[in-house]
Amino acid sequence: MFKKLKYYFQRRTPQTYKPVILVTGCSTGIGAATARMLYECEEYRVVVTSRRHSLSRLRDKFAENERFWARPLDITSAREREELIHEISEKWGGVDILVNNAGISYRAVVEHMTEEDELLQITTNYLGPVALIRLVLPHMREQGRGKIINISSVSGMLAMPTMASYSASKYALEGMSEALWYEAKPFGINVCLIQPGFIRSNSFRNVYYSKLSDPKVNRTTVYKDYYVNMAPFVGRLMRMSVTRPKHVARIVLKVIRTENPPLWIPATLDAWAFYYLRRIVPRRWLMPLLFALLPRAKTWGSKFTNRREVQKK
């Protein structure tokens, strides 16, 4: 596996130009770690972004100069997307490498999500990034080269309870990226999906809640067991992980430096495990196996269900 990765992450010809890199969602986590690494790379011109309320924190970390900018960007705002790409194009000609990292995650069962919640989730993680891709593609196509690096998740491989909408947004991002890989390849443009799993950070606390899934609400609903068990479960898996945001950022940097990177790049050990699990275990057995591994899953909703069990004769 590692020899294969080493083969993919090799540059076979010297780099002769100074690419313009745009990274979204840089206030924390993988985005912040990627920004830190690119700040030290003199061979790139870099634009890192965050929403306006986090921009001061970003500018405190990095001193702007002629090759490194920090700019506001709400990925859901068409106006902000267009203004940013226009500014970059006016100054540097266009974006050569796009790293779509910005994203949010709702923690709620399907029944507790509203249409407004669903729209915010899908716009942030899918519609916004796709709109940004559309803005940078013409320049890449004219140049005959470019990279679109989409930060996905193991949730784009396998969904988990209380994270349905997040998984849906990542599945959408993955499906689009696969189609775009075919469409962009003839123009010399690479498309990559970096798929992190559980990362040792506090990001699992930075989740969104719908009105009905909010922990401040008295959870006496039929889904109480789901929330009570899944939040500590996810937190425990993240604390146990040996992967930190900087490790994923290194993979992003390797992809940037690679001429022809692969489409799918699992970024953590558990991501590799899920990758092969889906291919080895028959579909009929996969879901029951995963359900059995969830904490106290057999007791979920037991006080409320009217499920009819098959009676033995």
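This is a predicted model: local features need pLDDT of at least 70, side-chain atom pairs count only at pLDDT 80 or more; totals for chains, interfaces and linings use all residues.

How many helices and strands are there in the protein? The protein contains 10 helices and seven strands.

**Overall form**

- The C-alpha trace of the protein spans about 75 × 40 × 35 Å along its principal axes.
- A compact globule with 313 residues would have a radius of gyration near 20 Å, and the value of 21 Å for the protein therefore agrees with that expectation.
- Of the 313 residues in the protein, 50% are buried.
- When contacts between residues at least 6 apart in sequence are considered, 75% of them join residues at least 24 apart.

**The sheet**

- Seven strands make up an open sheet, and their order is E3-E2-E1-E4-E5-E6-E7. The pairing in this sheet is parallel.
- Strand E3 (68-72) and strand E7 (264-266) are the edge strands, each of which pairs on one side only.
- On average, neighbouring strands of the sheet are turned by 15 degrees against each other, direction ignored.
- Strands of a sheet pair through backbone hydrogen bonds, in either a parallel or an antiparallel manner.
- Strand E4 (residues 97-100) and strand E5 (residues 146-151) run parallel and are joined by four bridges. Asn100 has Asn150 in E5 as its bridge partner.

**Helices packed on the sheet**

- Helix H3 (residues 52-61) packs on the sheet and touches strand E2 (45-50) as well as E3. The direction of helix H3 makes about 160 degrees with that of E3.
- Helix H4 (residues 78-92) also packs on the sheet, where it touches strand E1 (20-23), E2 and E3. The direction of helix H4 makes about 160 degrees with that of E3.

- Is E3 enclosed by the rest of the structure or open to the outside? Five of the five residues of E3 are buried, so this strand is largely enclosed by the rest of the structure.
- In a regular strand the side chains alternate between the two faces of the sheet.
- Both faces of E3 are covered, with Phe68, Ala70 and Pro72 buried on one side and Trp69 and Arg71 buried on the other.
- E3 pairs with E2 in the parallel sense over five bridges, and Pro72 in E3 has Ser50 opposite.

**Arg59 in helix H3**

- Arg59 belongs to helix H3 and is partly exposed, with a relative accessible area of 37%.
- Leaving aside residues up to four places away in sequence, Arg59 touches Glu64, Ala70, Arg71 and Pro72.
- Arg59 and Tyr208 are 149 residues apart along the chain, and their C-alpha atoms are separated by 25 Å.

- E6 pairs with E5 in the parallel sense over six bridges, and Val191 in E6 has Ile148 opposite.

**Aromatic residues**

- Why is the pair of Trp181 and Tyr182 called edge-to-face? The ring centres of Trp181 and Tyr182 are 5.3 Å apart and the ring planes stand at 90 degrees, so the pair is edge-to-face; planes over 60 degrees apart count as such.
- Trp181 is partly exposed, its relative accessible area being 28%, whereas Tyr182 is exposed, with a relative accessible area of 60%.
- Another edge-to-face pair is formed by Tyr223 and Tyr226, at 5.2 Å centre to centre and with 75 degrees between the planes.
- Tyr223 is buried, because its relative accessible area of 17% is under 20%.
- Tyr223 and Tyr226 form one aromatic cluster together with Phe291 and Trp300.
- Arg279 lies over the face of Tyr275, at 3.9 Å from the ring centre.

Note on methods
Residues are numbered from 1 along each chain as its sequence is written. Side-chain values use heavy atoms; hydrogens and water are left out. Rings of Phe, Tyr and Trp (its six-membered ring) pair if their centres lie within 6.5 Å; planes under 30 degrees apart count as stacked, over 60 as edge-to-face and the rest as tilted. Buried means under 20% relative accessible area, exposed over 50%, partly exposed in between (1.4 Å probe, protein chains only). A charge sits over a ring if NZ of Lys or CZ of Arg is within 6 Å of the ring centre and within 35 degrees of the ring normal. Two strands pair if DSSP finds at least two bridges between them. Helices (H or I, at least four residues) and strands (E, at least two) are DSSP runs, numbered from the N terminus. Axes are lines fitted to C-alpha atoms, for helices over the stretch in contact, and angles run from 0 to 180 degrees between N-to-C directions. Contact means heavy atoms within 4.5 Å. The radius of gyration is taken over C-alpha atoms; the globule rule is 2.2 Å times the number of residues to the power 0.38.
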